[in-house]
Amino acid sequence: MLKFAHRGYSAYYPENTIEAFIQACKKGFDGLETDVHMTLDGELVLIHDEDISRTSNGHGLVKDMTLSQLKQYNFQYKFDGTYEIPTLKELLAYIQDKNIKVNIEIKTDHIHYENIEQKVYDMVESYHLHDKIIYSSFYLPSLLKLQQLDSTLYLGYLMEDHYDEKIQQLYDHHLTAIHPRYDYLNKENINELKQNNMIIATWTVPNMNEYLRLKDLGVNTVIANRLFKDFDY
């Protein structure tokens, strides 16, 4: 079972910062999970929210600011220190020579950034890193755009509600993987998903008990803020 760092090693470092990604690599995670939005000047930046207010000392929407403007703010979240908002380009450059995967969540479920899917795909292509990348989104049309670009991509459909309807969409469109909330998964629905050859990656696993339960059930990937190890308990 693979272990991915949710927004980097976010239990101990500000989420979606280069430091959180660096520390996750050092800690021994198998992969990194991050979120991509697009700035006013078309740059791809890594932040979870559409608005920068929660995680920085600034206010406003990512889509309304240039990268230069965003770089003026401190994205320290609940931690001390100074942390810039990173770009997808910076993260890809960092992991290029490392044995680690990256789950890029395309954040289009609230704001439909024009052509963001193509931009992300092209940037990954420019670094020759498609074999290290997992794409995911709550917004089905984004996954279908990526599928049209390259049918071989790992495409994970994120979901936390209306599971029956969305799982049917997953099957209908021949997507690669399901990325549900951890509390949806049980033996029955995992067996059904696996019978349909689905990869199962689940988020955000909160504690050791849930980690062990999901491991026993045969989940392929857990995404969590900290690194769970079998000898921790």
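The largest pocket has a volume of about 330 Å³. On a 1 Å grid over the protein atoms alone, a pocket is an open set of points with protein on both sides within 12 Å along at least five of seven lines, whereas a cavity is a set of points where a 1.4 Å probe fits but cannot get out; lining residues have an atom within 4 Å of a point. Grid points are joined across faces, edges and corners, and a volume is the space filled by probe spheres set on the points.

This is a predicted model, in which local features need pLDDT of at least 70 and side-chain atom pairs count only at pLDDT 80 or more, while totals for chains, interfaces and linings use all residues. Residues are numbered from 1 along each chain as its sequence is written, and side-chain values use heavy atoms, with hydrogens and water left out.

The lining of the largest pocket has 21 residues, and Arg7, His48, Glu105, Phe138 and Trp203 lie nearest its centre. By type, this lining divides into four nonpolar, seven polar and ten charged residues. Here Ala, Val, Leu, Ile, Met, Phe, Trp, Tyr, Cys and Pro count as nonpolar, Asp, Glu, Lys and Arg as charged, and the others, Gly among them, as polar. Strand 2 (31-38) and strand 4 (101-106) each supply at least two residues of the lining. Strands (E, at least two residues) and helices (H or I, at least four) are DSSP runs, numbered from the N terminus.

The whole structure has two cavities of 30 Å³ or more.

| Cavity | Volume | Lining by type |
|---|---|---|
| Largest | about 40 Å³ | five nonpolar, three polar, one charged |

Residues lining the largest cavity include Glu15, His48 and Phe75. Among those that line the second largest cavity are Lys3, Tyr211 and Phe228. Strand 1 (2-6) and strand 9 (221-224) each give two or more residues to the lining of the second largest cavity.

Two helices also meet. The axes of helix 4 (residues 116-126) and helix 5 (residues 140-149) come within 9 Å and cross at roughly 45°. Axes are lines fitted to C-alpha atoms, for helices over the stretch in contact, and angles run from 0 to 180 degrees between N-to-C directions. Helix 4 and helix 5 are therefore oblique to each other; angles under 35 degrees count as roughly parallel, over 145 as roughly antiparallel, 65 to 115 as roughly perpendicular and the rest as oblique. In their contact (heavy atoms within 4.5 Å), Glu117, Gln118 and Tyr121 of helix 4 meet Ser142, Lys145, Leu146 and Leu149 of helix 5.
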